[in-house]
Amino acid sequence: MNQRQIRRLPNRGRQLLLAGALLVAGAVAFGTRAVATESTDARTADQDVQALKKELVDLNRDLFRLEEEILYPASTQVAVFLSLNVGTFFALDSVQLKLDGKEVANYLYTQREVEALHRGGIQKLYLGNLKAGEHELVAVFTGKGPHERDYRRGTTLQFDKAVGAKYVELRITDRDAALQPEFAVRQWE
Amino acid sequence: MTPSLVHRCRSLLVGAMLACAGGMAVADDGTQPAADVPPPTRIRDLDYGDVLFHFFQDDYFAALVRLEVAQEAGRVPDHVAEAELLSGGLYLSLGMQAEAKRRFEALLAARQVPPSVSDRAYFYLARIAFQRGDAADAWQSLGRIRGALPGKLEPERRLLAANVLMSLGRFQEAAASLDGWQDGSVWADYARFNLGVALVRSGEAARGVQLLTAVGTMDARNEERMALRDRANLALGFALLQDRQAEPAAAALRRVRLDGPFTNRALLGLGWAETDASRPQQALVPWLELRERPVVDAAVQEAYLAVPYAYTRLAANGQAAEQYRNAVSAYVAESRRIDESIAAIRSGGFLDSVLDAMPEGVGGPEVASWFWQLSRAPDAAHTRYLYPLLATHSFQEGLKDYRDLRIMQANLETWSGSLEAFAAMVEAREAAGQALGPRKAALLDAADLGGYEQRRAELDARVAQIVATRDVAALATPEEAVRWSALHALEARIEALPAGDQRTALAERAQLLRGTLLWQLDAEYKLRLSRVRTGLGQVDEELAEARSRLTMVEQAGGDAPRETESFAARVEELDRRIARLEPRIEAAAAAQERLLADIAVRELEAQKARLASYATQAQFALAALYDGAATGAAR
């Protein structure tokens, strides 16, 4: 192979290589182009899917309402919510809920749920039915208290259930002065 | 190849590379628009708190359904505007841009929307418009934001504004908007990266290189920043290669991590930089490393051609010829595997296999980020060649739509079962209502509340008379009453006796007894009257309780048949809606699958064409080598 040929071959190789490089680099561009040619179809399909999803949201809303009205009519409905305000002194693990001595909920929290509570979410812990009259609610919270100690505390509420839905909120707050958590129950009208 | 042609090829190459790197650098693709909606400082409606509880766990569908129920039932009266804003954000998160836009616009059209809410609504409208490709509309919405947005939304707004300006070709303004943006957020770096790429593309290489260098040399302590730094160095390396600045290009490409999603392309580029710097032996280092990697990657495929090219530059023609032969074999084998992939996609189940390949726990709005973090597609027949395609926004949107449809299909199946149970319950209630009817009527008939009330009124009148006449004897105990009656009888008998001393003496004794008894009764009168009044009060309470219970019994029974009828009608209507939607979901999912499978097959066919082209090039090069060797031998 003479000098001229040696120079020619690499040049040829380089030309081929660069053409190949364009193909490599353009891999995504090819994909994008392929998507672009389908874009009209895709847009129509997307619009159809969006419309279908909206109908499904509406249907779910109506189903959800029907379920609530059939299973928990307003005249007997009782809902117990749980909220966490700051919660520096207490890491929530679980809650046990008793209504008139009968356990109605025993809930173990995931990290994700606890974070959602910390960010301001309020959990609907229990939804059930109660007849009008005097009732007793007992909630027992377990978790880690100050200094990583196991912590178990209860709170009780005697309440009068009238004809109409009853909302009760269990609130875990910080009692800064005592550096302790505080567990309170609040009735909502 | 003439220098100008080489240069043109390089320009195209760098342009494509920048398109690749820059296209994926838009961190803000609108897949999680609602995730940063800050909660109100105080929740005033428990139902709104319940919606947020699901929302903060990224369970957007559950949050939206609960929000719709709460809004319809008027249970969020203290969070009306925020709830509407959240609703728009949730629709956006679930890929329903049209409905989201409608919600935001309706919210903004309403009166008395606090600026904190309207600003966020305009931000999301801008995002929707930008996603739709309408930068002018996006810019208009951004212009209506009056104050700083809360939390992470503000840097996102600045990034969006910079991106919109770039889309409008207003690079100077985009650059000006980045000046002084030093809040330490990754958003500012994304904006600098995007602007750097846009400037290089538009021909303002110097300013673009400056921005990309800043991002490519930034301090990165988390995966997101490290990935962005890699992308910046990759784009910078190719921009400099285009400008024939081999040394700084090599320096930028060497900064790309060796174990990231951009490593292969960086190694390929580094080889070119070395050859440009007339160091073909050095170019072999990254290219040989690259050739050891799975051949499914496009950069690796190209390395099969690049390695023998370097050998020819080193005049090692024997090794070059061997490598070209290896390349041809590898391309043919790869092409066969692509055929298998096409067949697998054609046989169905393509999207399910893509979803199955996802790591556990992934499937929410973070799907996009999962693909982004993947260095290559899962090694399954359906997906192994599709990483670049899977990573595109439009493909992921299509995939999410498909996944949503399948989730909703499962959701409807569950509801279908529940509806059957509801229907049975309604039926049972109807039967119980019918059976209870006669018992209820008998109970209501027997409950003579009027009689009791009459007696209560009589008692009241009697007490009033006792008080008026201070009739202490009327409050006597039964024993006292017996004694009182006996005394009365005794007095009558004494009266009947013949007059005389005996009668007088007896009468005096009777009078004494009467006086004593009256004195006792009088002493107890107030206490006894108070007891009687307390007793009457209790009677009143019990009568009221009985009245309330009877009213409840009457009402409970009164509405029951109507309610049961209405429930039965609703169950039937919802059942019909489910039945209508089920085949539509199935058809939409199948259409989605077909659409994306077609796109995937076209992508694979393009890859096959590329491999065929590589194989042809390798064969030509091989032929040229043989030709050269033969010519040399002949001489």
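Chain A has four helices and eight strands. Before going on, please note that this is a predicted model.

In what order do the elements of chain A run from the N terminus? They go α-α-α-β-β-β-α-β-β-β-β-β. Chain A has 189 residues, and 32% of them count as buried. Now the contacts in chain A, taking those between residues at least 6 apart in sequence: 66% of these join residues at least 24 apart.

Next, the sheet. Four strands of chain A make up an open sheet, and their order is β4-β1-β7-β8. The pairing in this sheet is mixed. Which strands are at the edges? They are β4, residues 123–129, and β8, residues 180–188, both of chain A, and each of them pairs on one side only. As for the angles, neighbouring strands of this sheet are turned against each other by 15° on average, with direction ignored.

Let me take one pair from this sheet. Strand β7 of chain A covers residues 166–175 and is joined to β8(A) by nine bridges. The two strands run antiparallel. To give one example by residue, A:Arg175 has A:Gln180 in β8(A) as its bridge partner.

Last, what packs on the sheet from chain B? That is helix α2 of chain B, residues 46–55. This helix touches β1, β4, β7 and β8 of chain A, where β1 spans 77–84. The direction of helix α2 of chain B makes about 60° with that of β1(A).

Terms used:
Residues are numbered from 1 along each chain as its sequence is written. Chains are lettered from A and ligands numbered from 1 in the order in which they are written. This is a predicted model: local features need pLDDT of at least 70, side-chain atom pairs count only at pLDDT 80 or more; totals for chains, interfaces and linings use all residues. A residue is buried if 20 or more other C-beta atoms lie within 10 Å of its own, exposed if 12 or fewer, and partly exposed in between; C-beta atoms are placed from the backbone. Two residues are in contact if their C-beta atoms, placed from the backbone, lie within 7 Å. Two strands pair if DSSP finds at least two bridges between them. Axes are lines fitted to C-alpha atoms, for helices over the stretch in contact, and angles run from 0 to 180 degrees between N-to-C directions.
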